[in-house]
Amino acid sequence: MGVGRKAAALMVLVALFLVAGCASLGGAGNAAERPKSITLYAGQHKEVVEPLVKAFEEKTGITVRIRWGETGELPNQIAEEGARSPADVIWIEATPPLVGLKERGLLAPLPEDVLAAVPAPYRDPEGQWVSASLRLRAVVYNPDLVKEAEIPASILDLASPRWEGQVAYAPSGAFQGQIEAMVQSFGEEKTLEWLRWLKAHGEMYKNNTAITKAVNDGRVALGLINNYYFYIQKAELKDQLKARIYFYTNGDPGGQVLGAGVAVLKHAPNPEGAQAFVAFLLSEEGQKLMAQNSYEYPVREGVPANPALPPFSEVDPKNSDRFGPAYLTDYQRALKLLQEAGIS
Ligand SMILES: [Fe+2]
């Protein structure tokens with residue numbers, strides 16, 4: 001009898017503990033009690049992220065806790081944290097690492113209306129990530145050192161004695177995307193040969209900012225960059241700007257549309273808040289705000305780009321149906337080639 005009573009008392013205690021626990025965690029199923037905050041793992045530029053977060057917080061009353069990190073590191077962190085990750089949303093400077101998270105089963109499906117806002121080449125065919133903005137691979141050059149007409153019709157042809165010591169690059173995630181496009185266009189063998197030439201005769205810089213500066217200062221003739229770094233420099237230097245930008249529009253992988261990707265985590269502690277954040281990012285309001293605060297292109301059709309940029313139709317590399325973000329699913333291959341060439 002004594003044991004039975006003790007067991008009953010213990011069960012009551014356990015029940016009370018569970019009720020108290022649920023109430024304090026706000027997990028009792030009542031929407032009003034759910035957390036009014038989300039955690040965003042952010043690797044995208046601060047100038048883009050901060051105004052959007054502020055506008056979202058003001059509009060919804062949901063607080064966004066930002067954990068800043070590198071585009072290449074945040075997905076690994078989430079993979080390590082697994083189901084216990086505090087991340088609700090990940091927003092980074094590339095999309096291939098999101099493919100990696102999807103393959104590990106760590107992303108949640110996005111709703112139809114969000115997917116419908118993003119043209120097919122710029123989102124996951126299975127609907128688990130989208131590009132939140134678009135950036136273009138382009139060439140920045142110094143007209144004192146190279147005339148526009150001299151830039152070869154394919155970046156593959158930069159690997160020649162004419163360009164020794166004249167080509168700047170940075171081993172960024174975007175560069176990796178471009179290498180994948182080269183593999184798809186020219187095959188692994190030619191791409192590896194090109195990378196070996198670049199390692200031997202190219203000029204490696206820390207990042208795209210360092211490249212645009214070196215080109216502008218005449219230390220190197222041209223560089224492979226993301227378009228917006230040129231416009232940031234242009235806004236800073238105004239009349240003092242020497243460098244110019246060249247867009248490949250003939251389908252060559254010298255031009256490529258890449259995405260800054262966003263996704264909701266499968267184990268998001270606040271899935272509704274996470275979905276609301278992504279929906280806001282892709283809304284007309286969110287896209288306009290992004291365009292005002294950056295030199296990236298809106299991904300949502302009908303939203304005008306920053307007036308400092310040429311119209312997208314004029315600079316579209318016309319190859320997104322081959323190596324737009326939706327087709328960059330084997331980015332490990334590019335990484336392998338970069339390692340083989342001794343670049344990263
Ligand atoms: Fe960037």
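Trainee: Is K318 buried or exposed, or partly exposed?

Mentor: K318 is partly exposed, with 15 other C-beta atoms within 10 Å. A residue counts as buried with 20 or more other C-beta atoms within 10 Å of its own, as exposed with 12 or fewer, and as partly exposed in between, with C-beta atoms placed from the backbone. Please note that this is a predicted model, in which local features need pLDDT of at least 70 and side-chain atom pairs count only at pLDDT 80 or more, while totals for chains, interfaces and linings use all residues. Residues are numbered from 1 along each chain as its sequence is written.

Trainee: Where is K318 found?

Mentor: K318 is in the loop between α12 (312–315) and α13 (320–323). Helices (H or I, at least four residues) and strands (E, at least two) are DSSP runs, numbered from the N terminus. K318 has a positive phi of about 55 degrees although it is not a glycine.

Trainee: And what is the phi of K238?

Mentor: K238 has a positive phi of about 50 degrees, and it is not a glycine either. K238 lies in the loop between α9 (227–237) and β8 (244–246). K238 is exposed, with 7 other C-beta atoms within 10 Å.

Trainee: Changing topic, how many residues of β1 are buried?

Mentor: Five of the six residues of strand β1 (residues 37–42) are buried, so β1 is largely enclosed by the rest of the structure.

Trainee: Which strands pair with β1?

Mentor: Strand β2 (residues 63–68) runs parallel to β1 and is joined to it by six bridges. Strand β3 (residues 89–91) also pairs with β1 in the parallel sense, over three bridges. Pairing requires that DSSP finds at least two bridges between two strands. Y41 has R67 as its bridge partner in β2, and Y41 stands opposite I90 in β3.

Trainee: Which residues have the most contacts inside the largest nonpolar core?

Mentor: They are V89, I90, V140, V262 and V278, in a core of 95 residues. Strand β4 (residues 130–141) contributes the largest share of this core, eight residues. A nonpolar core is a set of buried Ala, Val, Leu, Ile, Met, Phe, Trp, Tyr and Cys residues joined through C-beta atoms within 7 Å.

Trainee: What is V89 in contact with?

Mentor: Leaving aside neighbours within four places in sequence, V89 is in contact with I38, L40, V262, V264, A274, F277 and V278. Contact means that the C-beta atoms, placed from the backbone, lie within 7 Å.

Note on methods. Two residues are in contact if their C-beta atoms, placed from the backbone, lie within 7 Å.
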